[in-house]
Amino acid sequence: MPDSFLTHAQFRWLKFALALTAGAIAVYAWHDPLGGPDGGTWVGYGLGGLGAAIILLLLWYGIRKRRFASNAGSVRGWLSAHVYLGVALIVIATLHTGFEFGWNIHTVAYGLMIAVVLSGLYGVYAYRRYPSQMTANRTGIDPQAMLEEIGSLEQQAVELADRIDDSTHQIVLR
């Protein structure tokens, strides 16, 4: 099996994220604060700090992938860490909240973080699924036949544009 960003270094970042998540769950389960768990206990602050550190690391991936001469590890390794730590962040941030949600800015920030992670998971799905499907759709077609098919589609687009307003027609012609 080729080394992809999901299997990078024998799942190093998956193992690290699982250990981090298990540790966070263990500390949360062990801690029994007087007023009940919430983000204001020492465990809540610790988990919040850990979550903030993970977010900063996830942000740094965007910088790392644009620095071609960097010695800070491979981009594949950084992407692997980005994916697995992003998923771990869901659990860590949820534990940080102490499962207390309300109509406040904290819950909005939590919801936005969840939305970002879920959109990233869709990105992983799309990245893994669609290129192979596109390649499978091209099997058995030589490059000349592909160019002819593109020309045919272009001609159909121009014929359809003939039936609509002039500004759209000019855009299609460009």
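User: Which residues line the largest cavity?
Analyst: The lining is Y28, H31, P33, P37, D38, T41, V43, G44, L47 and L95. A cavity here is a set of points on a 1 Å grid over the protein atoms alone where a 1.4 Å probe fits but cannot get out, and lining residues have an atom within 4 Å of a point. This is a predicted model, where local features need pLDDT of at least 70, side-chain atom pairs count only at pLDDT 80 or more, and totals for chains, interfaces and linings use all residues. Residues are numbered from 1 along each chain as its sequence is written, and side-chain values use heavy atoms, leaving out hydrogens and water.
User: What's its volume?
Analyst: About 50 Å³ for the largest cavity, counting the space filled by probe spheres set on the points, with grid points joined across faces, edges and corners.
User: Which helix gives the largest share of that lining?
Analyst: Helix α2, residues 42-64, with three residues. Helices are DSSP runs (H or I, at least four residues), numbered from the N terminus.
User: What's buried in α2?
Analyst: V43, G44, L47, G51, I54, L58, Y61 and R64, where buried means under 20% relative accessible area with a 1.4 Å probe, protein chains only. Their cover includes α1 (8-30) and α3 (75-97).
User: Switching to α4, where does it bend?
Analyst: At A126, by about 25°. That's the angle between axes fitted to the seven residues ending there and the seven starting there.
User: And what do the buried residues of α4 pack against?
Analyst: They pack against α3, with contact meaning heavy atoms within 4.5 Å. Among those buried residues are Y110, M113 and A126.

Note on methods
On a 1 Å grid over the protein atoms alone, a cavity is a set of points where a 1.4 Å probe fits but cannot get out, and a pocket is an open set with protein on both sides within 12 Å along at least five of seven lines; lining residues have an atom within 4 Å of a point. Helices (H or I, at least four residues) and strands (E, at least two) are DSSP runs, numbered from the N terminus. Buried means under 20% relative accessible area, exposed over 50%, partly exposed in between (1.4 Å probe, protein chains only).
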